[in-house]
Amino acid sequence: MTADAPGLHLHPTARIGSGVVFGANVVVHEGTVIGDDVVVQDGAILGKSPALHPRSAALAKAAGAPFVPLTIEAGARICAQAIIFAGATIGARTIIGDQSYVRERATVGADTVIGRGTGIDNDVTIGSRVRIQSQVYLTAFSVVEDDVFVGPCAMTTNDDTIGRPGPEQELRGPTLRRGCRIGGGAVLVPGVEIGSEAFVAAGAVVTNDVPPRSVVMGVPARRVREVPEGELLG
C-alpha cells in the first residue's frame, strides 16, 4: 500500500490488500474492502453512504438491511474523483472512469470499463467484459449482461409515471442481454429488453422490446434488418 499518499483518509476498519496504490486526497470509508494491486487515483471517495429522500425507492431497500461494505476486487482501477458507495461490488480488473459514480447495491463484473462521468444507479447489475462509454446513465434496477457495449451519453429510464408512481408500481430499468450494442445518445424506456446481439442505432428511442440480433433505429425505434453473421460474438 502507498504509505505517503498526501491527504489519504483511511478508516481504521477498512481492509486493504497488498500492492494497493493511492493517489492524493483519497477517502476510504468504514469497512471498505480493497483487493490486491488495486489503483485508486486522486480524489476518489470509496464506501460513502447514500443520502436518500424520504420518498426514495432506494430507502425501502435499505430499511432494516444490515450494513454491507464496498468491495473492490483485485487489479481494479478507480480513476480520479470517482465515487463508489458502500454496498457496491467492483469486479477484478475493472476500470471505473474519472468522475463516475457507482451507487449502493450495484454490481460491476470483471474486466468491465465504465467511462468518464458515467452514473451507475442503485441496484444495477452489470456483467463482465462490458464497455460503457462516457456520460452514460444506467438507472436503478437495470440489468446489463456480459459483453454489452453502451455508447456515450446513452440514457436509461425506470419510471413510466415520471416521478408519480402509485404504491403498486415498481421501478423497472431496462434489461440488456448478452452482446447487445447501444449507440450513442440512445434512450431506453422503463422495462424494455434489448435482445442478445441486438444493435440499437445512435439517437434511437426504444419504446418496445428489441428481438435478439435485430438492428433498430429511429424515433420510435423500428427494426430495419438483422445483425450480420460476421458481427456476432459467437
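Reader: How many cavities of 30 Å³ or more does the count give?
Author: This is a predicted model, in which local features need pLDDT of at least 70 and side-chain atom pairs count only at pLDDT 80 or more, while totals for chains, interfaces and linings use all residues. Residues are numbered from 1 along each chain as its sequence is written, and side-chain values use heavy atoms, with hydrogens and water left out. If a cavity is a set of points on a 1 Å grid over the protein atoms alone where a 1.4 Å probe fits but cannot get out, the count of those of 30 Å³ or more is one.

Reader: Which helix gives the largest share of the lining of the largest pocket?
Author: A pocket is an open set of points with protein on both sides within 12 Å along at least five of seven lines, and the largest one has a volume of about 640 Å³. Of its 24 lining residues, the closest to the centre are Arg55, Ser56, Ala57, Pro165 and Leu171. The lining divides into nine nonpolar, eight polar and seven charged residues. Helices being DSSP runs of H or I with at least four residues, the largest share, four residues, comes from residues 57–62, helix H1.

Reader: In E10, which residue is the bridge partner of Ile45?
Author: Strands are DSSP runs of E with at least two residues, and two of them pair if DSSP finds at least two bridges between them. Strand E7 (residues 45–48) runs parallel to strand E4 (residues 27–28), with two bridges joining them, and in this pair Val27 has Ile45 as its partner. Three bridges also join E7 to strand E10 (residues 83–85), again in parallel, and there the partner of Ile45 is Ile83.

Reader: Which strands stand at the edges of the open sheet of 11 strands?
Author: The order of this open sheet is E3-E6-E9-E12-E15-E18-E21-E24-E27-E29-E30, with mixed pairing. Strand E29 (residues 214–217) is joined to E30 by four antiparallel bridges, and Ser214 stands opposite Glu226 in E30. Each edge strand has a single partner strand, so one side of each is left without a neighbour in the sheet; these strands are E3 (21–22) and E30 (222–226).

Terms used:
On a 1 Å grid over the protein atoms alone, a cavity is a set of points where a 1.4 Å probe fits but cannot get out, and a pocket is an open set with protein on both sides within 12 Å along at least five of seven lines; lining residues have an atom within 4 Å of a point. Grid points are joined across faces, edges and corners, and a volume is the space filled by probe spheres set on the points. Ala, Val, Leu, Ile, Met, Phe, Trp, Tyr, Cys and Pro count as nonpolar, Asp, Glu, Lys and Arg as charged, and the others, Gly among them, as polar.
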